[in-house]
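Subject: Structure handover

Hello,

Here is the structure I said I would pass on. Please open it beside this email and follow along residue by residue.

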2 protein chains.
Amino acid sequence: MRIILDAMGGDHAPEAPVAGALEALADLPASAEVVLVGRAAEVEAEVAKHGAARPAHLEVVDAPEVVGMAEKPLAAVRSKPNSSIGVGLRLQREGKAHAFISAGNTGAVMAASALMLGLHPGVDRPAIATLFPTVSKPVLVLDAGANVDCSPRELRGFAHLGSVYARDVLGRSSPAVGLLSIGEEAEKGNAAVKEAHGLLKAESHAFRFVGNVEGRDILAGEVDVVVCDGFVGNVVLKFYESVAHLFTGLLNREMDAGVLRSEAMQRVFTVLDYSTYGGAPLLGVRGVSIICHGRSSARAIRNAVRVAVQAAQCGLSQHIGADLAGGAAT
Amino acid sequence: MRIILDAMGGDHAPEAPVAGALEALADLPASAEVVLVGRAAEVEAEVAKHGAARPAHLEVVDAPEVVGMAEKPLAAVRSKPNSSIGVGLRLQREGKAHAFISAGNTGAVMAASALMLGLHPGVDRPAIATLFPTVSKPVLVLDAGANVDCSPRELRGFAHLGSVYARDVLGRSSPAVGLLSIGEEAEKGNAAVKEAHGLLKAESHAFRFVGNVEGRDILAGEVDVVVCDGFVGNVVLKFYESVAHLFTGLLNREMDAGVLRSEAMQRVFTVLDYSTYGGAPLLGVRGVSIICHGRSSARAIRNAVRVAVQAAQCGLSQHIGADLAGGAAT
């Protein structure tokens with residue numbers, strides 16, 4: 001098992017990716033290897049800060065170019081074939097690695113993943129699948145930003161992808177899939193959602209569609225997968241990330257500092273911390289590509305490695321390929 | 001000042017509207033009057049439960065028909081002209097009242113308000129404007145569900161409406177207006193939002209447009225008004241309402257019951273309680289129409305009356321009329 005990690009990606013690179021890789025290696029079985037891809041001298045220097053000897057299962061591969069966080073994705077991917085993103089994904093395409101992880105320019109990682117790994121037959125557009133923490137099990141929301149204007153057919157595709165991921169990686173035996181809308185009734189929603197409702201209903205052989213869900217149902221824990229376009233998904237995801245800050249602000253204002261620093265309260269905030277979930281898979285590509293938050297900490301990177309290993313171990317990409325091919329044949 | 005309250009609207013009618021009206025009257029100046037519209041016998045019986053003598057400033061007007069919460073809005077409005085919604089709005093149209101409040105069928109209240117009060121010249125579509133609590137001042141988000149598929153021109157109209165409301169009712173002297181998107185850059189967003197960005201920028205004489213805001217910026221307290229289509233606004237609003245439940249659930253699991261029942265924690269939850277804000281105005285109609293949550297409690301209704309009085313007192317509808325007429329002339 002070889003996991004490629006973009007050492008130059010993210011607001012805190014190379015510090016956070018390097019520290020996250022080292023933390024991840026402590027958890028991983030001896031058969032797993034982490035490959036840091038980036039400017040070799042910089043990466044080696046960062047690794048050296050953590051101690052004299054480099055761990056046996058850590059490799060550094062040189063990639064002389066770097067895609068900036070604010071660069072235009074497609075132009076950057078094309079003009080910098082030897083960026084950490086380009087080199088890393090090429091290793092996976094050539095069968096030399098099982099997964100790629102990056103906290104870098106999200107648009108560039110998406111574009112490069114789709115171009116270099118390709119899409120499974122039957123997939124119109126890949127989707128970013130994010131986990132939303134709830135009081136019980138987390139819920140998978142997709143798309144979280146890969147596709148802003150989505151056709152009903154694309155929304156149906158996201159339901160397929162999310163259902164396979166929930167079943168194979170999250171271990172939900174018959175995942176309930178809901179379509180995000182503004183009312184439970186089939187006729188509620190915008191034009192794309194209303195048409196998608198009919199398409200999803202017609203695919204009941206492929207996944208368990210439970211109908212429309214509303215904003216308030218996302219965290220209720222009654223569905224495993226919530227399908228929406230990437231505009232709505234991205235807005236709600238970022239809104240959710242900001243809610244922990246709001247709580248902290250309100251509690252700071254009203255409560256004793258002792259309560260805030262208590263272990264119990266820390267557990268509450270750990271649940272709400274996006275870094276607990278590490279990274280979001282880009283579903284639909286032929287391979288495993290994990291997209292991390294630009295602000296990812298070492299902890300987030302470590303958890304993203306865990307997500308990548310799970311996805312690779314369970315053969316996610318193969319299952320999606322088989323499932324979509326089956327779906328397309330009906 | 002005469003405020004009409006739909007006594008038959010909402011999941012807890014007529015109990016909650018009647019109790020809310022009585023609570024509201026205790027706060028209001030002697031010049032204000034609350035008119036309960038609904039099946040007179042039922043309403044009178046409910047009023048009687050609260051004590052022997054009906055307050056001097058409380059009136060009951062009979063409306064024999066009732067629009068159910070699940071009825072098709074337009075059909076209900078047309079087939080039941082003597083519903084509490086129809087009778088109540090007619091009183092306002094005839095100049096016999098200054099505002100209408102309902103926790104009933106939202107679609108029916110919107111449709112009847114637009115049909116019976118009419119729209120101000122220059123308004124394409126009315127919008128539901130909701131207040132989102134933050135650590136500092138609340139932020140106005142519109143549209144929250146009146147219009148699901150919005151044109152760029154309609155989004156521009158919401159910016160106009162929200163800006164006037166923030167200035168005149170919320171007392172923000174030069175309200176900052178943000179456009180909800182998935183990135184700060186002008187070229188980020190779905191097709192309608194990208195085009196709306198240009199329209200909003202061109203209207204800088206009419207309101208203070210500060211550019212795109214993301215999901216995480218809504219609660220940051222740096223803008224006064226957030227503009228979005230009614231699909232996204234409704235999803236985020238309902239999601240936000242559910243967050244207090246999530247937080248309660250997590251705290252219940254992790255903390256002592258004593259902490260949860262503390263006054264400080266109660267203050268935190270009061271901030272997050274939608275009933276604090278009472279009702280959301282339907283902006284753009286010629287008059288004042290306040291839409292309440294179907295589940296409104298007496299407290300929510302009391303606060304909705306306060307919102308209605310503020311809107312009527314400051315001449316909101318007249319200001320919107322003047323402002324939009326000015327905007328249309330440029």
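The notes below go from the contact between the chains to single strands and helices.

This is a predicted model, in which local features need pLDDT of at least 70, side-chain atom pairs count only at pLDDT 80 or more, and totals for chains, interfaces and linings use all residues. Residues are numbered from 1 along each chain as its sequence is written, and chains are lettered from A and ligands numbered from 1 in the order in which they are written.

Helices (H or I, at least four residues) and strands (E, at least two) are DSSP runs, numbered from the N terminus.

Domains of chain A

Chain A is split into domain 1 (2–121 + 284–315) and domain 2 (127–272), with bounds from an automatic or database domain assignment. Their centres, taken over C-alpha atoms, are 26 Å apart. Each of the two domains gives 6 residues to the contact between them.

Sheet and helices of chain B

In chain B, an open sheet of 7 strands runs in the order E3-E2-E1-E4-E12-E11-E5, with mixed pairing; two strands pair if DSSP finds at least two bridges between them. Strand E3 (58–62) and strand E5 (127–128) are the edge strands, each pairing on one side only. Strand E1 (residues 2–6) and strand E2 (residues 33–38) of chain B run parallel and are joined by 5 bridges. Asp6(B) has Val37(B) as its bridge partner in E2(B).

Helix H1 (residues 15–27) of chain B lies across E1, E2 and E3, at about 170° to E2(B). Axes are lines fitted to C-alpha atoms, for helices over the stretch in contact, and angles run from 0 to 180 degrees between N-to-C directions.

Strands E6, E7 and E10 of chain B

Strand E6 (residues 130–132) of chain B pairs with E7(B) in the antiparallel sense over 3 bridges, and a hairpin through 6 residues joins E6(B) to E7(B). E7(B) also runs parallel to strand E10 (residues 225–227) of chain B, with 3 bridges between them. Val141(B) is the bridge partner of Thr130(B) and stands opposite Val226(B) in E10(B).

Which residues of E7(B) are buried on each side? Val139(B) and Val141(B) are buried on one side, Leu140(B) and Leu142(B) on the other. A residue is buried if 20 or more other C-beta atoms lie within 10 Å of its own, exposed if 12 or fewer, and partly exposed in between.

Helix H4 of chain A

In helix H4 (residues 84–93) of chain A, 8 of the 10 residues are buried, including Ile85(A), Val87(A), Leu89(A) and Arg90(A). Among the elements that the buried residues of H4(A) pack against are strand E1 (2–6), helix H3 (73–79) and helix H5 (106–117) of chain A. Just after H4(A), Gly95(A) takes a positive phi of about 80°.

Regards

Technical notes. Contact = placed C-beta atoms within 7 Å.
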